[in-house]
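Dear colleague,

Please find below the structure I promised to hand over.

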Amino acid sequence: MRRKLLLPVFFMICCFQNSYAQDQAGIQIGSEYLIRSNILSEQRQYFVSLPASYHTTKNRYPVMVISDGDYRFYQASGLSEFLSKQNRIPEMILIGVANTDRTRDLTPTPIDNNASSGGADSFLRFIEDELLVQVDKMYRTNSYRLLAGHSLGGLFSVHAFLENSDFDAFIATDPSLWWDNQIILDDLKDKLVDTGFRKRIYLSSADNYERNEGMVSYMRRGHELFYARLKSLGFPQANVKLGYFLDEDHGTSAYISLYYGLLFVYDPFRLDDIYNRSSSEIQNHYNQLTERTSSDFIPPENLINDIAQFRLRNEELETAIELLRMNANNYGSYESYVGLGDALARASKKEEAQSYYEKALEINPGKSSEIKEKMNELR
């Protein structure tokens, strides 16, 4: 079962004041689905947001799963879209899982005063063995997986990290590691051996001692102990980070923590000084990432196009053509074919330019007048 997720008109007016689409009912940011879980013996609701380029390419995308999806989905969708457009992270398929019994699903052990608690193992099995299996069938995913959660959701992310789950990276924003007398720290040493040190995990901690002493000692002690024990056990410094947000409380830290968590998790995917790199250096960087993660990662189309335009402005025509050719090979989109065609035409390679204009026209016949005008200029 599927339904569209729409934002109301007032949101559009506030966020897009210069838009002329205020008479529309809303804008689509995702779709809603239902899945029957045999593991949980219930029907579960989840939401899916696809990357902007999903319908114009044949690429495969990493997946981010976020707990508390019924209200964290919107912030995660906006953040991931913004950061990918800034070329700080790759485009992702976002999955938000809604709650039925939050405490049951997100806590690793049962406690006396909550009869439904302790269902994290079953919830993790549901995500891995049912939800992601269905998502993989429905969408073009690659094998890279990121799990993010806040508070009890952060506790669940840490639990999944220690349980050697299928996820490659984890974001735990102000996680409730106090749960069950910090029991999650007790067997950290034994479980860490199984996780492999290649995975990345980001934790955050909110509040400051002056404003909220009780909450800080209650929450932060577990964060700092977890972080310190990871490092003492030899977990690579580059793969773990604890961020402090002293001006934020437990609730407001969720948004900014996810922002910095995404930047940390995807830091290895960036190439320093990329605007001055050759096309082969850029492609080799992403090839190495693919080998390291066993997932398909390619240079972002918009980024490579920006670099190519930068090279064109510097009169580095052949270098720009190499970059645009890489985009055309990687994406095969209308934009990549037109961009390469324009550069080839500028280099007086008219026959090859025409071939790429023709490819662009096959993809988007609605642009026939624009493309035919470009082709006429080649004569």
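What is the accessible surface of the chain, and what share of it belongs to carbon and sulfur atoms? The accessible surface is about 18,100 Å², with 47% belonging to carbon and sulfur atoms (Shrake-Rupley method, 1.4 Å probe).

As to provenance, this is a predicted model, in which local features need pLDDT of at least 70 and side-chain atom pairs count only at pLDDT 80 or more, while totals for chains, interfaces and linings use all residues. Residues are numbered from 1 along each chain as its sequence is written, and side-chain values use heavy atoms, with hydrogens and water left out.

The average pLDDT (the predictor's confidence in each residue, from 0 to 100) is 89, and 92% of the residues score at least 70. Residues 6–23 have a pLDDT below 50; this stretch has 19 contacts in the model beyond near neighbours in sequence (contact: heavy atoms within 4.5 Å).

Of the 379 residues, 50% count as buried (under 20% relative accessible area, 1.4 Å probe, protein chains only). Among contacts with a separation of 6 or more, 69% are between residues 24 or more positions apart. The C-alpha trace spans about 80 × 50 × 40 Å along its principal axes.

Ile274 is buried, at a relative accessible area of 10%. Leaving aside neighbours within four places in sequence, Ile274 is in contact with Ile282, Leu303 and Ile307. Its C-alpha atom is separated by 26 Å from that of Ala353, 79 residues apart along the chain.

Yours sincerely
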